[in-house]
Amino acid sequence: MRPGEEWVAFKMAERGGRGSGGHGSLDKSITLPPDEIFRNLENAKRFAIDIGGSLTKLAYYSTVQHKVARVRSFDHSGKDIENEPLYEISVQEEITARLHFIKFENTYIETCLDFIKDHLVNTETKVIKATGGGAYKFKDLIEKKLGLKVDKEDVMTCLIKGCNFVLRNIPHEVFAYQKDSDTEFRFQTNHPNIFPYLLVNIGSGVSIVKVETEDKFEWIGGSSIGGGTFWGLGALLTKTKKFDELLQLASKGQHTNVDMLVKDVYGGAYQTLGLSGNLIASSFGKSTTADKEFSKEDMAKSLLHMISNDIGQLACLHAKLHNLDKIYFGGFFIRGHPVTMRTITYSINFFSKGEVQALFLRHEGYLGAIGAFLKGAEQDNPNQYSWGENYAGSSGLMSTSPDVYPMQRTRSGTFDMLEMDRLERPLVNLPLLKDPSAYIPDTVDLTDDAMARKYWLTCFEEALDGVAKRAAASQPDSVDALERAEKFRQKYWNKLQTLRQQPFAYGTLTVRSLLDTREHCLNEFNFPDPYSKVKQKENGIALKCFQSVIESLDSLGWEERQFALVKGLLAGNVFDWGAKAVSDQWLERLKGPPHKCALIFADNSGIDIILGVFPFVRELLSRGTEVILACNSGPALNDVTYSESLIVTERIAAMDPVIQSALREEKLLLVQTGSSSPCLDLSRLDKGLAVLVRERKTDLVIIEGMGRAIHTNYYAALKCESLKLAVIKNSWLADRLGGKIFSVIFKYEVPCK
């Protein structure tokens with residue numbers, strides 16, 4: 001421990017660790033640096049807490065100060081600008097909002113409250129919202145330690161508010177569990193309309209709630225046979241008193257040694273009723289006839305099956321009664337344990353004949369705390385904003401399998417974190433998506449494809465030193481740039497190692513999520529735009545060539561010019577038309593009536609945007625087509641940002657009357673995407689962009705670049721014509737897609753009528 005550095009130590013009892021699955025005892029003390037937990041506590045403004053029977057979930061809102069890159073146009077009037085930079089770059093401080101959620105065992109609640117009390121500086125509230133059964137038990141302790149009045153909230157209301165929040169804001173929140181498939185966690189596409197659904201909360205008992213809207217829900221059923229029953233009967237049968245240890249016993253057991261099956265009664269399957277011989281005819285049935293002792297493991301497994309089947313049948317009946325095909329399961333009984341998710345899934349599938357799906361939530365343990373926080377923040381209307389998971393500050397979903405990364409499991413069994421950043425712009429679906437509920441942004445699912453996963457994780461590992469060097473070099477005047485770059489490198493390396501062992505940690509693993517996680521880690525250590533000076537230089541060089549490129553294009557015949565324009569979009573020297581039938585189809589379309597409005601998602605700065613995209617835009621404008629040019633809201637790699645595009649467009653307009661006139665008449669509109677990613681998720685776009693797309697009756701979408709048109713959106717189906725263009729700059733990906741490196745994707749699609 002370095003001098004002057006503060007650490008927090010949490011002592012554990014000298015016994016087998018909770019959540020350790022019986023694999024030896026944990027260290028007698030677990031020491032964590034405070035920058036891993038209770039982050040930014042000194043700027044916390046509002047608190048909420050959810051205390052269950054064994055776990056505490058703390059929520060707080062904080063203001064986060066971080067660096068952002070800004071560009072500003074120079075005043076070049078009356079100056080020789082030949083050798084001057086195109087624009088000024090500055091790094092400024094910005095305040096944004098962040099939600100923090102921390103989960104830990106109740107054993108640590110007093111130590112954690114002491115730590116919070118010692119570090120509270122700027123809190124704005126005198127009240128802490130509390131929910132869960134433990135809110136009553138620990139009320140006096142919380143008020144004494146924090147000096148805040150405990151205001152208790154209804155448990156079920158908080159759970160539903162929390163569930164709605166994560167369903168809306170975390171794209172890969174929901175998953176189906178498939179134990180015997182290659183992909184254990186099968187993440188679902190978020191439907192734009194999350195209602196209605198059934199929420200089954202399994203704690204001591206079972207509560208079943210039908211949720212119809214944000215504020216309309218009703219309790220429609222329940223059962224006294226739930227997690228408490230499993231725990232209580234399990235303790236009687238096995239003399240095991242800890243819930244997780246009981247589940248570990250069940251995971252090793254064989255229920256058929258205890259349960260009477262259909263084949264035990266009928267000698268095989270019961271064909272008349274269509275019953276398989278392996279179905280349970282009587283839970284614990286063999287215990288009445290066999291004169292022998294049964295193992296603790298087998299009895300625990302039989303008990304788990306009995307309770308899960310009971311809950312599954314009850315939930316399924318309510319779902320069928322209310323015409324619902326989605327059931328979200330949560331509560332202490334679930335908690336990400338494979339054995340409980342597997343038995344629940346089997347039960348729902350059996351009783352519904354596959355018509356109803358058992359679904360689980362990546363952050364189900366936080367629902368109560370999130371809901372309690374939202375209740376306390378209603379005056380700020382947090383639901384008016386969009387929020388995004390900060391991968392740099394979140395633990396991710398951890399497997400409880402004893403074979404997966406034991407040290408990570410040890411820590412996650414003690415502390416678990418989730419961070420959500422408030423986004424500057426509300427995000428919505430692109431209105432032109434053919435079926436938003438079926439849209440999957442990513443081309444390759446690395447969670448499912450082990451070979452692809454190994455390749456891309458290795459690529460990102462090998463590129464990491466270069467990225468860290470680039471980050472440090474982007475801030476030559478900063479005395480701590482090298483130190484911060486090394487911290488970034490270490491943090492992202494650790495994330496990659498976690499994803500090697502647990503590819504499902506942050507939802508479906510994709511090239512996009514790997515890129516986004518890297519950007520989050522760069523921002524975490526105040527490297528907001530490592531490529532800013534590179535982009536500045538390349539934009540300046542490309543602008544000097546713009547007029548000569550336009551003159552050259554204007555001198556060509558019509559058909560030759562169309563080829564040259566697409567060539568420019570695809571970086572010319574590596575251009576290859578690829579499928580001639582597709583290119584001929586596009587040329588034939590251009591001979592017809594002009595499109596009403598084209599939406600173009602821009603990619604890189606420099607030559608790409610200035611000498612590729614803008615000549616193409618100019619041609620569309622000349623045909624009478626309006627153009628919406630969409631650029632990233634924030635920086636990512638060398639992609640052009642919205643603020644950079646404004647300056648570049650201003651300079652181009654000063655040289656070109658077509659662009660100047662289109663800007664003046666609002667036939668060329670520059671907008672931001674709401675994204676800060678090298679890839680593109682058409683289900684999370686700036687609301688202003690979506691409104692403009694509708695208003696201008698957009699009938700052509702052009703997506704360019706590897707990140708936006710190949711890693712994402714290669715299979716995206718739209719309601720209107722679309723053009724996807726990219727050069728494949730990766731040999732492995734080219735081979736996977738059946739081509740060669742520097743092959744070109746030129747994909748013109750017309751929707752079926």
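**Close-up views of helix and sheet packing**

**View 1. Helix α15 passes helix α18 in a right-handed crossing.** The crossing is right-handed because the near helix is turned clockwise from the far one by less than a right angle. This is a predicted model, in which local features need pLDDT of at least 70, side-chain atom pairs count only at pLDDT 80 or more, and totals for chains, interfaces and linings use all residues. Residues are numbered from 1 along each chain as its sequence is written, and side-chain values use heavy atoms, with hydrogens and water left out. Helices (H or I, at least four residues) and strands (E, at least two) are DSSP runs, numbered from the N terminus. The axes of α15 (residues 532-554) and α18 (residues 607-622) come within 8 Å and cross at roughly 35°; axes are lines fitted to C-alpha atoms, for helices over the stretch in contact, and angles run from 0 to 180 degrees between N-to-C directions.

**View 2. Residues of α15 meet residues of α18.** Contact means heavy atoms within 4.5 Å. Among the residues in contact are F546 and V549 of α15, and F614 and R618 of α18.

**View 3. Seven strands form an open, mixed sheet.** The order is β7-β6-β3-β4-β5-β18-β17, where two strands pair if DSSP finds at least two bridges between them. β7 (149-152) and β17 (387-389) stand at the edges, each with a single partner strand, so one side of each has no neighbour in the sheet.

**View 4. Strands β3 (residues 44-51) and β6 (residues 127-131) pair in the parallel sense over four bridges.** The bridge partner of A48 in β6 is K129. Helix α3 (residues 139-146) packs on the sheet and touches β3, β6 and β7.
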